[in-house]
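Trainee: I would like to go through this model and ask what stands behind the terms used for it.
Mentor: Go ahead.

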Amino acid sequence: MAKASYAPIFETVSGALNKINKKSPHAEDQKMVLTTHRVAETTSKGCSRVYLRDLASITRSTPVSDHEIEIRTLFTERLEWVNARAKNLSTLSQDQVAYLAQKDQPGGAKTWKSYLWKLAKAAVTGE
């Protein structure tokens, strides 16, 4: 088995190192290079893995279902709401005070973005 040594600047390498350009006429010949780094405590130093994927393994084989379209639409609506709320100067101060008040409570949103998403869920879906 081959071993890779990384330069000291790279402690871990994880994610897609090379993606397939689906619009290329040579997409069938390209490979996607994925790497992972396991962070579990082990006695082995070889915690990195490299995988090669071809176009067939990343091409969807089933049509998008109505449920998936509904979820994507809901996500888009909430994202637009969050972005608009984050830039709304008339509610920004009140939102920041409310965020800080609930942050350390059980079930409270720990980050500003998660707090806005929690508000969006209640506002967009009425929950």
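Trainee: What is the order of the three strands in the open sheet, and is the pairing parallel or antiparallel?
Mentor: The order is β1-β2-β3, and the pairing is antiparallel. Bear in mind that this is a predicted model.

Trainee: How do you know that β1 and β2 count as paired?
Mentor: Pairing takes at least two bridges between two strands. β1 and β2 (residues 31-37) have three bridges, in the antiparallel sense, so they meet the cut-off of at least two. Among the partners, glycine 15 is bridged to threonine 35 of β2, and asparagine 18 to valine 33 of β2.

Trainee: What makes β2 and β3 a pair?
Mentor: Seven bridges join β2 to β3, and the two run antiparallel. The cut-off is at least two bridges, so β2 and β3 pair as well. Leucine 34 stands opposite tyrosine 51 in β3.

Trainee: Why are β1 and β3 said to stand at the edges?
Mentor: β1 (15-18) and β3 (48-54) each have a single partner strand, so one side of each has no neighbour in the sheet. On average, neighbouring strands here are turned by 30 degrees against each other, direction ignored.

Trainee: Which residues make up the largest nonpolar core, and what makes it a core?
Mentor: The five residues are Ile20, Ala27, Met32, Leu34 and Leu55. To belong to a core, such residues must be buried, under 20% relative accessible area, and joined through side-chain atoms within 4.5 Å. The set of five counts as a core because its residues meet those conditions. Over the protein chain, 17% of the 127 residues count as buried.

Trainee: What does alanine 27 contact, leaving aside its neighbours within four places in sequence?
Mentor: Alanine 27 is in contact with Ile20, Asn21, Lys22 and Leu55.

Trainee: Now the helices. At what angle do α3 and α4 pack?
Mentor: Helix α3 (residues 89-102) and helix α4 (residues 112-125) pack at about 105 degrees, with their axes 10 Å apart.

Trainee: Why is α3 called roughly perpendicular to α4?
Mentor: Angles of 65 to 115 degrees count as roughly perpendicular. The angle of about 105 degrees lies in that range, so α3 is roughly perpendicular to α4.

Trainee: Which residues make that contact?
Mentor: From α3 they are Leu92, Asp95, Gln96, Ala98, Tyr99 and Gln102, and from α4 Trp112, Tyr115, Leu116, Lys118 and Leu119. They divide into seven nonpolar, two polar and two charged.

How values were computed
Residues numbered from 1 in each chain as written. Predicted model: local features only at pLDDT ≥ 70, side-chain atom pairs only at ≥ 80, totals over all residues. Heavy atoms only, no water. Axes fitted to C-alpha atoms, helices over the stretch in contact; angles between N-to-C directions. Helix = DSSP H or I, 4+ residues; strand = E, 2+ residues; numbered from the N terminus. Parallel < 35°, antiparallel > 145°, perpendicular 65-115°, else oblique. Contact = heavy atoms within 4.5 Å. Nonpolar A, V, L, I, M, F, W, Y, C, P; charged D, E, K, R; others polar. Buried < 20%, exposed > 50% of the residue type's maximum accessible area, 1.4 Å probe, protein only.
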